[in-house]
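User: I have a two-chain model open and would like to go through it with you. Can we start with how the chains meet?

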Amino acid sequence: MAPSATSRNTIIRPPELPIIINGRSYRPECVPPTTTLASLLREHFGLTGVKIPCDQGACGACTVIMDGKAVLSCMVLAVEAYGHQILTIEGLPSDDCVVEAFAAQSEPGYGTALQCGFCTPGFVMTARALLDRVPSPAVSEIKEALSGNICRCGCYAGIVQAVRHASELIAKASAS
Amino acid sequence: MKPAFTPRVQRSHVGTYRARIDGTEKASGRAKYAGDLMVKCRVPDILYAKVLRSPFPHARIRSLDVSQATQLSGVVDILTFEEPAVAGLKSTNAGWTDGVDTLSYERMMWRRFCDRRVLGSHARWVGDEIGAVVAAESEEIAEEALRQIKVDWEVLPFVLDPVEAMASSAPILHPELGDTNVLPEDAVGGADVFVNKGDVTRGLADADVVLNATTTYHNATQNSLDNWCCLVEWCEDRITVWSNSYEAHQTRMHFSEMLDVPLNNVRVVSPYVGGQFGRGDTGDQPFFLFTALLAKRTGRPVLFRHSRRESFHDGRQHVCYHGTIGAKHDGTITTLSFNSIGNVGAYADHSMFAIKFAPAEVTEVAFAHIPNVRFEGRGVYTNKMPACMMRGVGNSQLNLIVGRLVDGLAEELSIDPLDIACKNFGHQWEELPDKSLVEVLRIGAERISWKEKRHSPGLGPLVDGVKKRGVGFSFHPGWHAEWQELRRGEVHVTITVNPDCTVTLDAPTVETGTGSNTCNVLGCAEALSFLGISGDDIHWVSTMDTDVSPQDCVQTDSAVSFLQSEAMAAASKEVKVKLLERVAPLLDATPEELDIDAGFVFRKADGGCKQSLKGLLYQASLDPVTVAVSRQPLAARTGIPFIATFAEVEINTDTGQVQVLRLVVVNDCGTVMYASGAEAQQIGGQCIALGETLTEEIIYDERTGVPLNFNWIDYQIPTMADMPEIDPVLLEVWRGGGEYGACGLGEGTVTCTPRAVLNAIYNAIGVRIDSIPVKPETVLEALGKTS
């Protein structure tokens, strides 16, 4: 039987361990057990770079990095995040090469890497996690890693170029 | 490196490849969308509204009992259809709730179809907003309250198929409009036979070859990621609305006229919007009004937002076209006639725009040289999700049949379809062949290797033993040239030059992702190039606020990309005059004796007195120089450019899978305003276009009328893994009026793709498939491989 709204809104005591968001430690209280990590990040912490277009794990726009791995924060309960490291797009350095590459893409023939920009933080975080793991991915690896993200403006070609350019920036930085 | 396009006129800013002006803001997650302003930590006293939705495709509410729901802890207010504040509101429709221009209720576009109640009691599709709306401390509580409302439903018979809905025995959806589900004739769309040029009977008699075909387009939806929402505050007499609608002043008018509040007491704020694609061009806007009424009664800010499921609220018309084409042996078309039935769903909204208005427009600009043309079309109510506006409105459905007739005729006559197209299609202000069409098709054919890859239908070589390849194309007139934008009225722009020669540009429009903002900055830099500035010196005001912004240029038709730049070109002279008036006394000269170039002021006569403008401005009054201009789009009938898509496909004849290998998307733009943005539109449009062609489709349970896939797991939008290589080609052949002579291009990028793919499939397998989406089972059935 589905739980009633009353039980869904019951406030439980948060776990003992803190949740570490973008390097800072928090122990938010008053979190109903059904609250998703995505909702907690947006509504409680105002980290609105996290978007929730589908709320069912179908579009990737809520992607954050949890303990080094890209996760769909709408599919993670807030209470599951306690004791873990969460990195949202707000936690990336201001000169992050993935952000820069997405912003800069204008290479002829591929369009831009974003238009309305609503899916972009999710793509950036998914790409960031990929490049952390595989600094020089093949195009097929990029496509596989990012195929869980939807861009309705259809900037997929520009996004692939942006990830390739970010990869080149990483190679350049490590060479110097 | 892929080839870059070559502009007809080399300019410093307009037409260049560069990053979007909002690239960093958006890529870093810092860009704020309406929903981001409404999070709990920013609006602690926020309330959440949820509306009752019909579980039946057709039903009436006999009575409602909200007593138990009201008792639920956290429920603050419940508004029902019986209360005078709701029951007294006027019926409405999409003919004015959105609009290219700002319209009053009395001047709405489809006056005969005022078929929407705000929170009525008669539900006409599963999901219809009806009966009651709850304001509560959380969305979960509001949803639970809705479940606790006791509704006495009178369940009515329903109909999903438009042909069945036309039968005399069918249940009538809108008895208040008449005793039929067929939408009546109206002043805007015209009669059922809305185009009747020449005599199609004579055209048929004159023809050596006659061909008939039937095509069916389904009801895809826009699927913007940014779910529609609004936050409304109603304090004292003033309403403030934050929303992600694509127009601000029309929203203000909607509130004012429906709730009887003076215009200056309604403030509408719209920051960035996460995608439009026609999503907001719908009559489904009563939520603004009941949210406002709840805000008034509770005295608190109230948020209403669609869930992903609720975001399936309107889409493209499911249209079935029967077409007939007749031609001489030499390929001269003697007649074209069409008969269409459009399923408009539960409400009329803008469907007659798709069924009548758009085809009539195409007739004018593309069928002008065909002597006998006839269109007959009907829109029919059914108990399905309403159709309204979606990127490429009406044109996509029409292209599916026109491209079929041209391809079929060419085969019948053993003439290349490219030649049939060039021989017959063009606008009335130019002789055939149309230069734009010829060039669009020439380049497209070259890029797809038309001559090399095209073969007799179904007779190409096998690939991997079971796969067959083919090529196809379709073409269409573009639209949104300047003369077609006249109904917008004046376009407003305010340019402020600060003493340091930086510029604040108020080119009011809601930025939905189209890139018109970057076009505006490039247009401004071009117009003010005498200041010696670059795009980086221009700040574009990104948030529309009706309290302070001039009338917004409504973000439709992809026309904002050039209309405001045309206004800036007109304003630049005035900016220069004002600057010279400011600095002339410092140089003991009259403004007329001076000029400005590259940021320096000098004497026209001999180039003397050369001083930096910035230096002079700092010696004069430090007030910024502001010029506000309004400009009517030019009426000169310059015709229209053409567009085309070429496709190469590979069909697995064992599995029925259609793999699109390559798309070439060709747009004659008149003038490319922003090359990277234009290519992004060409490439990006294919996500919608290919989705509609191959995977996207709303599926109903025919037995219950319940839609089954209002989510992104079962309604399949193409991802990166699904997209083929896309070759965007920008051309500048045609030219419109004004400084730039551009034409909107974004909408049309989706129009030709479905037909191009269907023609390519035919070329590959030699069997016609004329309905979309083309799923593997469709292909297997066409190949006779199903049991």
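Analyst: This is a predicted model. The contact between the chains takes 53 residues from chain A and 62 residues from chain B.

User: Which elements of chain A give two or more residues to the side that touches chain B?

Analyst: Helices H1 (5-8), H2 (37-44), H3 (97-104), H4 (120-133), H5 (139-146) and H6 (156-175) of chain A.

User: And by class, what is on that side of chain A?

Analyst: The side of chain A that touches chain B has 27 nonpolar, 18 polar and 8 charged residues.

User: OK, chain B now. How is it divided into domains?

Analyst: Domain 1 of chain B is 23-31 + 490-631, and domain 2 is 34-156 + 230-276 + 280-305. Domain 3 covers 158-223 + 314-425, and domain 4 covers 434-482 + 636-787.

User: How far apart are the C-alpha centres of domain 1 and domain 4 of chain B, and how many residues does each give to the contact?

Analyst: Those centres lie 40 Å apart. Domain 1 of chain B gives 14 residues to the contact and domain 4 of chain B gives 13.

User: Which elements of domain 1 give two or more residues there?

Analyst: Helix H15 (516-527) and helix H16 (560-583) of chain B. H16(B) gives the most to that side, with 5 residues. By class, the side of domain 1 of chain B that touches domain 4 of chain B has 5 nonpolar, 7 polar and 2 charged residues.

User: I clicked on Met673(B). Where does it lie?

Analyst: Met673(B) is in the loop between strand S27 (658-668) and helix H18 (675-695) of chain B.

User: Buried or exposed?

Analyst: Met673(B) counts as buried because it has 29 C-beta neighbours inside 10 Å, and the cut-off for buried is 20 or more.

User: What does Met673(B) touch, leaving out residues up to four places away in sequence?

Analyst: Its contacts include Cys519(B), Leu522(B) and Gly523(B), along with Ser561(B), Phe562(B) and Ser565(B). Val14(B), Gly15(B), Tyr740(B) and Ala742(B) are also among them. From Met673(B) to Asn520(B) the C-alpha distance is 8.8 Å, across 153 residues of sequence.

User: Moving to the nonpolar core. Which residues touch the most other members of the largest one?

Analyst: Ile159(A), Ala49(B), Val134(B), Phe290(B) and Ile761(B), in a core of 300 residues. H16(B) gives the most to this core, with 11 residues.

User: Strand S9 of chain B next. Which strands does it pair with?

Analyst: S9(B), residues 229-235, runs antiparallel to strand S12 (residues 302-305) of chain B, joined by 4 bridges. Leu231(B) has Leu303(B) as its bridge partner in S12(B). S9(B) also pairs in the antiparallel sense with strand S10 (residues 238-243) of chain B, over 6 bridges. There, Glu233(B) stands opposite Thr240(B).

User: How many residues are in the S9(B)–S10(B) turn?

Analyst: The hairpin has 2 residues between its strands, and Glu236(B) in the turn has a positive phi of about 50°. As for cover, 5 of the 7 residues of S9(B) are buried.

User: Last one, helix H19 of chain B. What is its span?

Analyst: H19(B), residues 753-765, reaches 18 Å from its first C-alpha to its last, close to the 18 Å expected at 1.5 Å a residue.

User: How many of its residues are buried, and what follows H19(B)?

Analyst: In H19(B), 13 of its 13 residues are buried. Gly766(B) follows the helix, with a positive phi near 75°.

Notes: Residues numbered from 1 in each chain as written. Chains lettered and ligands numbered in written order. Predicted model: local features only at pLDDT ≥ 70, side-chain atom pairs only at ≥ 80, totals over all residues. Contact = placed C-beta atoms within 7 Å. Nonpolar A, V, L, I, M, F, W, Y, C, P; charged D, E, K, R; others polar. Domains from an automatic or database assignment. Buried ≥ 20, exposed ≤ 12 C-beta atoms within 10 Å, placed from the backbone. Pairing = 2+ DSSP bridges. Core = buried A, V, L, I, M, F, W, Y, C linked by C-beta atoms within 7 Å. Expected span 1.5 Å × (residues − 1).
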